Every structure is written in C-alpha cells, then in structure tokens.
Amino acid sequence: MAKTSTTTQGLRAAIERSGYYPALVAEAVEAAVGGESIQSYLVHQETTFDQNEVRRHVTVLVLTGTRFIVSHTDEQGADATSPTPYATTSTESVKIGRISSVVVSRVVANPEHYAPGTLPREVVLTIGWGAVSRIDLEPAACGDPNCDADHGYTGNSTADDLSLRVSEAGDGPETVRQALAFAQAISEATADPTR
C-alpha cells in the first residue's frame with residue numbers, strides 16, 4: 001500500500017501474513033481505499049472443504065473516515081471455463097451512513113466464572129446495509145392440534161449482508177481481539193450522526 005501510516009502498514013502486514021495471494025489482495029484493497037486513511041481493519045482467512053477439494057477464501061474489512069470496505073478473494077480450480085486455476089477478487093464500498101446494523105455475538109466458556117476483559121472463545125460479526133436480505137418462512141399454525149386449516153405462512157426478514165465468524169481455536173486469540181476492535185470501531189462510526 002502506498003500510504004505510510006501505522007494502520008496501513010499493519011493492514012499490509014496482516015494481508016501478507018495470511019499468505020493468500022497477498023499482492024492481488026493488497027492491490028484490490030488499496031484501489032478501494034483510495035486516498036482515505038484507514039481507521040480500522042480485519043483480515044480473515046478461511047479454509048473450506050468442497051467435496052474432495054480444499055478451497056481458501058480471504059475477507060478484508062476496512063473502515064475509513066467515510067466508508068466501510070469489504071474485499072473477498074476466492075480461488076477456483078481449473079474447470080470447463082478455465083483450463084488453469086484462477087482467483088476472483090471483489091470489493092464493495094459502503095457509505096457508513098448506509099449501515100443499518102452491527103451485531104456482535106460473543107461465545108464465552110464457563111460464563112459463571114466470566115471476568116470482564118476475558119477473551120471470548122469465538123466472535124460472530126454481522127453487518128447489514130440493505131444489499132442482501134434473508135427471508136425465513138414456515139407454515140403458520142394455530143394452537144388447536146386438530147385444526148387442518150391453511151393459516152398461510154409466518155417468518156421474518158433479516159439483513160444479512162456480511163457475517164464473519166472468528167474463533168480462538170481456529171484463528172488464534174489475536175484475530176479474535178482484532179475482530180472485537182473492528183466491531184467496536186464500526187459500531188462507534190455508525191453512531192456518529194455526521195457520517
């Protein structure tokens with residue numbers, strides 16, 4: 001990255017530590033950030049198993065003074081459309097004022113012995129800005145067990161633009177700390193009425 005701030009250098013180092021096509025990922029993130037300074041970031045690499053293949057995926061979240069930037073990079077094996085393996089990188093830039101919800105779920109072991117400041121076992125960060133919604137429907141029913149009438153459907157709609165899970169066992173305690181720090185930074189940014 002071209003900037004020399006400590007936060008920018010930390011982001012570059014985190015991308016390089018992930019070991020997942022760092023030049024490609026850094027270039028995509030740098031282009032999305034542009035000239036803005038970085039206030040907070042989170043780099044999360046995830047390995048998934050797809051039938052008999054192992055696939056890697058990296059997500060980079062960046063908070064600037066005015067925007068929330070999401071970058072995803074996935075790798076694909078050779079297939080009918082490409083004779084060689086390839087990677088796909090995408091970035092999305094969201095104005096902070098468009099963020100409608102920030103949900104932080106913490107999983108702690110032995111909650112009866114919890115002490116403030118103890119690191120959670122895992123953190124799930126869900127951020128919604130209205131680009132993707134999930135609708136969960138199920139048949140509606142009444143309280144009468146003998147009723148066979150059609151009561152239609154019931155359900156809910158949930159903003160589900162981004163959901164990211166990090167765990168101490170899988171990602172390490174430092175990634176859990178970074179996820180909590182990023183969650184706090186983006187929560188504070190959405191509370192600022194000037195953004």
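Colleague: Is C142 buried, exposed or something in between, and what is its relative accessibility?

Modeller: In this predicted model, C142 has a relative accessibility of 36%, so C142 counts as partly exposed.

Colleague: Which cysteine sulfur is closest to the sulfur of C142?

Modeller: The closest one belongs to C147, at 3.6 Å. That is too far for a bond, because a disulfide needs the two sulfur atoms within 2.5 Å.

Colleague: How many disulfides does the count come to, then?

Modeller: The count comes to zero disulfides. For background, a disulfide is a covalent bond between the sulfur atoms of two cysteines.

Colleague: Let us step back to the whole chain. How many helices and strands does the protein chain have?

Modeller: The protein chain has four helices and nine strands.

Colleague: What does the C-alpha trace span along its principal axes?

Modeller: The C-alpha trace spans about 70 × 50 × 40 Å along those axes. The accessible surface of the protein chain is about 11,400 Å², and carbon and sulfur atoms account for 49% of that surface.

Colleague: What share of the residues counts as buried?

Modeller: The protein chain has 195 residues, and 33% of them count as buried. As for contacts, taking those between residues at least 6 apart in sequence, 60% join residues at least 24 apart.

Colleague: Which residues does S71 touch?

Modeller: Leaving out residues up to four places away in sequence, S71 touches V29, V58, T59, V60, T89, S90 and T91.

Colleague: Changing topic to charges: how many positive and negative ones are there?

Modeller: The protein chain carries 14 positive and 25 negative charges.

Colleague: How many salt bridges does a search of the whole structure find?

Modeller: The search finds five salt bridges. As a general point, side chains of opposite charge can pair when their charged atoms come close.

Colleague: Which residue forms a salt bridge with E16?

Modeller: E16 pairs with R12, and their closest N and O atoms are 3.8 Å apart. Both residues lie in helix α1, residues 6–18, and they are four residues apart, about one turn of the helix. E16 is partly exposed at 45% relative accessible area, and R12 is partly exposed at 27%.

Colleague: What is the N to O distance in the salt bridge of R67 and E36?

Modeller: The side chains of R67 and E36 meet at 2.6 Å, N to O. This pair links distant parts of the chain, 31 residues apart: R67 is in strand β3, and E36 is in the loop between α2 (22–33) and β1 (38–50).

Colleague: Are R67 and E36 buried or exposed?

Modeller: Both R67 and E36 are buried.

Colleague: Which residue does R165 form a salt bridge with?

Modeller: R165 forms a salt bridge with E122, with the closest N and O atoms 2.9 Å apart. R165 lies in strand β9 (residues 162–167) and E122 in strand β6 (residues 122–128), so the pair ties together parts that are 43 residues apart in sequence. R165 is partly exposed, at 45% relative accessible area, whereas E122 is buried, at 17%.

Colleague: One last topic, the backbone. What is the phi of Y21?

Modeller: Phi of Y21 is near 45°, a positive value in a residue other than glycine. In general, most residues other than glycine have a negative phi. Y21 is found in the loop between α1 and α2, and Y21 counts as partly exposed at 36% relative accessibility.

Colleague: And where is N110 found?

Modeller: N110 is found in the loop between β5 (101–107) and β6. Phi of N110 is also positive, near 45°, and N110 is a residue other than glycine.

Conventions
Residues are numbered from 1 along each chain as its sequence is written. This is a predicted model: local features need pLDDT of at least 70, side-chain atom pairs count only at pLDDT 80 or more; totals for chains, interfaces and linings use all residues. Side-chain values use heavy atoms; hydrogens and water are left out. Buried means under 20% relative accessible area, exposed over 50%, partly exposed in between (1.4 Å probe, protein chains only). Contact means heavy atoms within 4.5 Å. Helices (H or I, at least four residues) and strands (E, at least two) are DSSP runs, numbered from the N terminus. Accessible areas come from the Shrake-Rupley method with a 1.4 Å probe; for residues, only the protein chains shown count as cover. Lys and Arg count as positive and Asp and Glu as negative; His and the chain ends are not counted. The place of a charge is taken as NZ of Lys, CZ of Arg, CG of Asp or CD of Glu. A salt bridge is a side-chain nitrogen of Lys or Arg within 4 Å of a carboxyl oxygen of Asp or Glu.
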